[in-house]
Amino acid sequence: MSIKSKLDCPECNMPIYFESNLLLSGQSFSCSNPNCDVSIALTATDKDVVSNAFNKFEQIRNNATSQAGHHET
Amino acid sequence: MNTNIASQFSGLPMKALIGAPLKAATDANAMIANAQTQFLLTTCFEKSTDDNNQLVPTMVNFTLSRSVIDKNGSVSSSPVKMDISIPLMTLIPINSLAIERLKVSFNMEVKSSREINKVDSFDQQGSNVSKVRKAPERARGRSQGRLHGRKQRTAQNANEQLTKPSQAHEFETELHGSLAKSSQGELQQSSAAHASYEVTLEAGQLPLPNGITTILDIFSKNMMPLPSKN
């Protein structure tokens, strides 16, 4: 399951929205500021670290939703 | 039938009905917060190489591309690529790990109905036809029902009378009778009572702890891209 998140642009501090699956696949994401042409992409060397973090985060979220008796589809 | 419907709810464990889901939600939130803390400490931080008791954020490298203006004053056709190191913690949407809304809806309906349906049906019908005709040379009798025996006796008496020539004569008696009785009754009684009770509770999203917010702000404001070596 893909996780939607954002990080602040190093240039203009506007959000750069991304999805975990696309980020791990090497796709670049552009800044939401139309006047800022910054785009970022995850380096291949740190792909495993980020993937592991997203998997653990997803596991925690699934455990929480199952305990609350509600599953989001 | 109890006339006071509200008294039907007096035995309900409202405290458990309302409090149990709320407690389950808070327990879930506490469990989430605990798991979140463990996740941050074990995944997003690592032990410092200098001091084993000190945690430093786990950094991941990104490639940042941006356009630059060349010496001629025009936008360069090839964007400049730079390396930027970002804390892993800033990539995780930590604030989404909370129960946003809790709604407990309790609805109860007390319904009582009573119905008595009784049908009595009575039908009785009877008919009698009796015909006695007596001639001196012959006797004929036909009877149904109770009148049969009586008329039979009458016929016998007539036969006896035939033995007396002085009293012999012809007679015919015909008797029709019918009796019918019908009765039908129905009794129906129904009563219903309805009462509902609804409780709605909403719990909002838990705010992110100030410490985490501060750390995230510091990380975000100190992300500086560095030019790539190549």
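A: In this predicted model, chain A and chain B bury about 2,600 Å² between them, with 68% of that area on carbon and sulfur atoms. The contact takes 31 residues from chain A and 31 residues from chain B.

Q: What makes B:Arg66 and A:Glu11 a salt bridge?

A: The closest N and O atoms of B:Arg66 and A:Glu11 are 2.6 Å apart. The cut-off is 4 Å, so the pair qualifies. The count between chain A and chain B is one salt bridge.

Q: Which elements give two or more residues to the side of chain A that touches chain B?

A: They are E1, strand E4 (39-42) and H2 of chain A. H2(A) gives the most, with eleven residues.

Q: How many aromatic pairs are there over all chains?

A: The count is two.

Q: Why is the pair of A:Phe57 and B:Phe39 called tilted?

A: The ring centres are 6.1 Å apart, within the 6.5 Å limit, so A:Phe57 and B:Phe39 count as a pair.

Q: How do you know whether A:Phe57 and B:Phe39 are buried or exposed?

A: Buried means under 20% relative accessible area. A:Phe57 has 0% and B:Phe39 has 4%, so both are buried.

Q: What makes E1(A) and E2(A) a pair of strands?

A: Five bridges join E1(A) to E2(A); at least two are needed, so the strands pair. They run antiparallel.

Notes:
Residues are numbered from 1 along each chain as its sequence is written. Chains are lettered from A and ligands numbered from 1 in the order in which they are written. This is a predicted model: local features need pLDDT of at least 70, side-chain atom pairs count only at pLDDT 80 or more; totals for chains, interfaces and linings use all residues. Side-chain values use heavy atoms; hydrogens and water are left out. Helices (H or I, at least four residues) and strands (E, at least two) are DSSP runs, numbered from the N terminus. Rings of Phe, Tyr and Trp (its six-membered ring) pair if their centres lie within 6.5 Å; planes under 30 degrees apart count as stacked, over 60 as edge-to-face and the rest as tilted. Buried means under 20% relative accessible area, exposed over 50%, partly exposed in between (1.4 Å probe, protein chains only). Contact means heavy atoms within 4.5 Å. Buried area is the accessible area (1.4 Å probe) that two parts lose on being put together, summed over both. A salt bridge is a side-chain nitrogen of Lys or Arg within 4 Å of a carboxyl oxygen of Asp or Glu.
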